[in-house]
Amino acid sequence: FFPVGKPAAKTAKPPRRQPPVTVVYEDENFAVLYKPAHLLCHSDRTGDANLVDAFAAYLETKGEYDPHAEKRFAPALCNRLDRGTEGLVLAAKSYAALRDLNAIIRDDMMKKEYLTITEGYKQIITEVTVIRQAGPFALCRIGLITGRTHQIRAHLAYLGHPVLGDIKYGNHKMNERTGLKTQALCAQRLTFGRIPEENTLQYLSGRVIKLNDPEIVKTFERLTAEK
């Protein structure tokens with residue numbers, strides 16, 4: 001018999017370094033995070049960095065979360081954005097916060113508003129306010145109460161005014177001309193409505209949380225300055 005060598009020990013992959021977290025609002029129950037374009041909300045098969053793991057790492061450094069403790073709640077996101085969309089994401093620190101934030105979203109007690117750059121505009125588009133217009137581009141605010149997959153992008157494309165940079169629904173020639181490789185779309189403002197007293201987050205009633213200097217505005221200024 002020939003001696004059989006021991007199988008080589010598998011080298012464990014080092015944990016992926018998560019990006020720093022930009023916190024727009026935070027209290028003892030939850031946080032509102034800024035997600036830049038191209039960052040995933042949750043992990044996927046690519047293994048790329050993602051926002052929920054970055055948030056967990058952030059809470060761990062603050063001593064608010066121990067990933068090694070058994071039967072502990074893991075920090076969770078309450079809404080998601082497409083990888084190419086920047087903007088605000090709600091992140092719960094506890095099960096009670098997750099439950100009650102989900103109730104707020106489910107029962108339409110929070111309004112989400114987006115900024116987008118479109119090719120032109122129509123005044124008749126529901127809940128669209130044109131903030132600025134220059135040449136073929138318009139910077140618009142879009143009110144969204146209930147969100148479905150790609151709702152804004154698909155709707156604007158159907159109306160003939162696609163989101164600039166959108167590779168799925170957009171104008172490919174205009175995308176090439178401007179050099180944008182992802183959709184110009186930003187979840188910029190969250191407005192909480194009247195929240196019932198039995199909800200632990202009732203103190204958010206009437207609160208507005210927003211991004212003051214989103215990248216999409218800088219993109220619009222760059223595009224219009226080039227004209």
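Visitor: Why is the pair R99 and D100 called a salt bridge?

Guide: This is a predicted model. In it, the closest N and O atoms of R99 and D100 are 2.9 Å apart. The cut-off is 4 Å between a side-chain nitrogen of Lys or Arg and a carboxyl oxygen of Asp or Glu, so the pair qualifies.

Visitor: Is D100 called buried or exposed, and what about R99?

Guide: D100 has a relative accessibility of 6%. Buried means under 20%, so D100 counts as buried. R99 stands at 39%, which lies between 20% and 50%, and therefore R99 is partly exposed.

Visitor: What makes K62 and E64 a salt bridge?

Guide: Their side chains come to 3.0 Å, N to O, and the limit is 4 Å, so this pair passes too. K62, at 39%, is partly exposed, and E64 is also partly exposed, at 35%.

Visitor: How do you know that D213 and K218 form a salt bridge?

Guide: The closest N and O atoms of D213 and K218 are 3.6 Å apart; that is within 4 Å, so the bridge is counted. D213 has 53% relative accessibility, and since exposed means over 50%, D213 is called exposed. K218, at 37%, is partly exposed. Elsewhere, salt bridges with shared partners link E26, K62, E64 and K93 in one network.

Visitor: How many salt bridges does this rule give?

Guide: The count is 14.

Visitor: Why are the buried residues of helix α5 said to lie on the same side?

Guide: The buried residues of α5, which spans residues 215–225, are I216, T219, F220, L223 and T224. They cover an arc of only 125° around the axis, and that places them on the same side of α5. An α-helix has 3.6 residues a turn, so residues three or four places apart point the same way.

Visitor: Why is N175 called buried, and what does N175 touch?

Guide: N175 belongs to helix α4, residues 172–178. Its relative accessible area is 6%, under the 20% limit, so N175 counts as buried. Leaving out residues up to four places away in sequence, N175 touches L164, G165, D166, I167, G170 and L180. L164 is 11 residues from N175 in sequence, and the C-alpha atoms of the two are 6.4 Å apart.

Visitor: What makes L90 and I117 stand out in the largest nonpolar core?

Guide: That core has 34 residues, and L90 and I117 touch the most other members. Elements that supply two or more residues to this core are β2 (30–35), β4 (86–92), α2 (95–106), β5 (110–119), β7 (137–144), β8 (185–192) and α5. The most, 4 residues, come from α2. Beyond four places in sequence, the contacts of L90 include F30, V32, L77, L101, I105, M110, L190 and F192. A second, separate core has 27 residues, among them C41, Y114, I142 and I152.

Visitor: How many helices and strands does the chain have, and in what order do the elements run?

Guide: There are 5 helices and 9 strands. From the N terminus the order is β-β-α-β-β-α-β-β-β-α-α-β-β-α.

Technical notes. Residues numbered from 1 in each chain as written. Predicted model: local features only at pLDDT ≥ 70, side-chain atom pairs only at ≥ 80, totals over all residues. Heavy atoms only, no water. Buried < 20%, exposed > 50% of the residue type's maximum accessible area, 1.4 Å probe, protein only. Arc of directions from axis to C-beta. Contact = heavy atoms within 4.5 Å. Core = buried A, V, L, I, M, F, W, Y, C linked by side-chain atoms within 4.5 Å.
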